[in-house]
2 protein chains.
Amino acid sequence: MPMKSEVIANPRAERVRRVSELADRKGRKRSGRFMVEGPQSVRELLSWHPDIVEDLYVEVVSAEPDAAFITPTVAQMAGKAMQTGAYVHKVTHAVMQHMSSDAQGVLAVADMRAFLDSAVIDGDSDERTMVAAFWQVRDPGNAGTVIRSADAAGCAGVVLVDDCVDIFNPKVIRSTAGSLFHLPVVSMGTDEYFDWCAERGLAVYAADVYGTDARPPEPLTDVLAVPQSLAQAKTVLFGNEARGLTQDVLERVDRIVSIPIYGKAESLNLGTSAAVMLLSLAMSSHVERM
Amino acid sequence: MPMKSEVIANPRAERVRRVSELADRKGRKRSGRFMVEGPQSVRELLSWHPDIVEDLYVEVVSAEPDAAFITPTVAQMAGKAMQTGAYVHKVTHAVMQHMSSDAQGVLAVADMRAFLDSAVIDGDSDERTMVAAFWQVRDPGNAGTVIRSADAAGCAGVVLVDDCVDIFNPKVIRSTAGSLFHLPVVSMGTDEYFDWCAERGLAVYAADVYGTDARPPEPLTDVLAVPQSLAQAKTVLFGNEARGLTQDVLERVDRIVSIPIYGKAESLNLGTSAAVMLLSLAMSSHVERM
């Protein structure tokens, strides 16, 4: 798709307003599109989901038709987008600022429905398969961080269970540092999640410090010490940032695992817990046993 | 120390201005004091360093002399502080807002020099001893998060190496969630750090993805698979958020260890890396071998 030669220079243009409205859930719902800001996220979007990108906005140094891109990175993004079906639009600094203050010179607009349709967690599983699940995660930064950790741990996908933050919130997307485009992220209700795990034959591990009255958590050290018991397709479920998991939910899981704390810290936050639990389990399943 | 009966109700009072200035490095340097905001941090400060607390400001519901504390938590803090040598001052909501917008009703002022003098990393060490070290960490939120992870991993202390963020920055203190008061946090230059490690007999592990030209990193999985090799007093050194560690620094360490990445994520951020590396090593040294 060729790049338009004229530069969008009017911050009050209808098109500029429509893009800026994608920062809000209402604007996204109305248009069926979402925004992806910054070189890192846009690069991963163009690499892994080139087909869903509709428009790419790239910042140039002036309103002249032959104005240069503001950085080589931005020029590279424009080149990459032109190999896909996306329209590439040159915009001035003022216009980009009106669209988003976090774009660092490049912003993509993509089709929300098409992205959701592409998010399917592979049904084939083996003893290393792991799916990360987060129940009622509400903070956008946390959601982004845990999706990034799930990606690093090689998870087959992420399930956002019950009432979680909107993954199309720009802060979530920025916090994933591109990981949102690396692995399928799907949403389910609580019952739907447990049914889905049962159908797939996934053992459900809950990451929880307290456990239930009837069942205290197993320390992660004990769990890792018997790697044979971990050789099964599984999902690891993490609770809400403030309230953790409810007793109701904990009663439905197969194992409850806690991260041991050796110092005086009371607890770990959700981002830290997810990173330690998911990477530890992943390393354990990949290590050559002595 | 009894509590003053009158309520500080004038946001323009000299005392209020002086407290608010502790948010800045200049104000802290001038007065030799620092501020600790919020119930969690203040509780840990009062529990572990009661002797360094000079003043505690607690919010009450009105300017009347017998006004109630805004929450039971705040009342509890006031009671706890009165058992120490601190002066307890009742303040109105407007005054507290002028001092800090992150206090949640309670703010302590403490002696900076006395706190620094109390921060000494225990010289005795055994094969489980681990000291976390961060080279040129600059972001206040990151610094807080890694100190919290070092605490959870049971580290003997934290060394901030070379030019790091000021630990008395209120955002650092808030991000540690009280951990700053649980373990000694000291600052050193790069040469000083390596000399100190040599004197203490600490093996220096660097957490680094790239290694040097001559020495690629050992994957953490390989390192954990030979626990005998980990049975030594050690320090784990992490690099700057953006640039990692320099070749110069890497050439001086004993081992270079990288966290394996199984998915498509490019890297982990500093907070996540520190949590995974420190907790994995701590768990490995505490687990009963099969």
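Arg33(A) forms a salt bridge with Glu54(A) in this predicted model, and their closest N and O atoms are 2.3 Å apart. A salt bridge here is a side-chain nitrogen of Lys or Arg within 4 Å of a carboxyl oxygen of Asp or Glu. Arg33(A) sits in strand E2 (residues 33-37) of chain A and Glu54(A) in strand E3 (residues 53-59) of chain A, so the pair ties together parts that are 21 residues apart in sequence. Strands (E, at least two residues) and helices (H or I, at least four) are DSSP runs, numbered from the N terminus. Over all chains, the structure holds 31 salt bridges.

Residues are numbered from 1 along each chain as its sequence is written, and chains are lettered from A and ligands numbered from 1 in the order in which they are written. Local features need pLDDT of at least 70, side-chain atom pairs count only at pLDDT 80 or more, and totals for chains, interfaces and linings use all residues, while side-chain values use heavy atoms, with hydrogens and water left out.

Next, a helix pair within chain A. Helix H3 (residues 39-48) of chain A packs against helix H4 (residues 72-82) of chain A at an angle of about 20°, with the axes 11 Å apart. Axes are lines fitted to C-alpha atoms, for helices over the stretch in contact, and angles run from 0 to 180 degrees between N-to-C directions. H3(A) and H4(A) are therefore roughly parallel to each other. That label covers angles under 35 degrees; over 145 counts as roughly antiparallel, 65 to 115 as roughly perpendicular and the rest as oblique. The crossing of H3(A) and H4(A) is left-handed, meaning that the near helix is turned anticlockwise from the far one by less than a right angle; clockwise would be right-handed.

Which residues of H3(A) and H4(A) meet? Pro39(A), Val42(A), Arg43(A), Leu46(A) and Ser47(A) come from H3(A), and Thr73(A), Met77(A), Lys80(A) and Ala81(A) from H4(A). Contact means heavy atoms within 4.5 Å. By class, these residues are five nonpolar, two polar and two charged. Ala, Val, Leu, Ile, Met, Phe, Trp, Tyr, Cys and Pro count as nonpolar, Asp, Glu, Lys and Arg as charged, and the others, Gly among them, as polar.

Arg43(A) also leads across to chain B. Its salt bridge partner there is Glu266(B), with the closest N and O atoms 3.1 Å apart. The rule finds two salt bridges across the interface of chain A and chain B. In this interface, 40 residues of chain A are in contact with 40 residues of chain B. The buried area is about 3100 Å², and carbon and sulfur atoms give 67% of it. Buried area is the accessible area (1.4 Å probe) that two parts lose on being put together, summed over both. Tyr262(A), Lys264(A) and Met283(A) lose the most area in chain A, together 22% of what that side buries.

Helix H12 (residues 270-286) of chain A packs on helix H12 (residues 270-286) of chain B at about 55°, with axes 9 Å apart. That makes H12(A) oblique to H12(B). Their crossing is right-handed. The contact includes Ala275(A), Leu279(A) and Met283(A) of H12(A), and Ala275(B), Leu279(B) and Met283(B) of H12(B). The contact of H12(A) with H12(B) has eight nonpolar, four polar and no charged residues.
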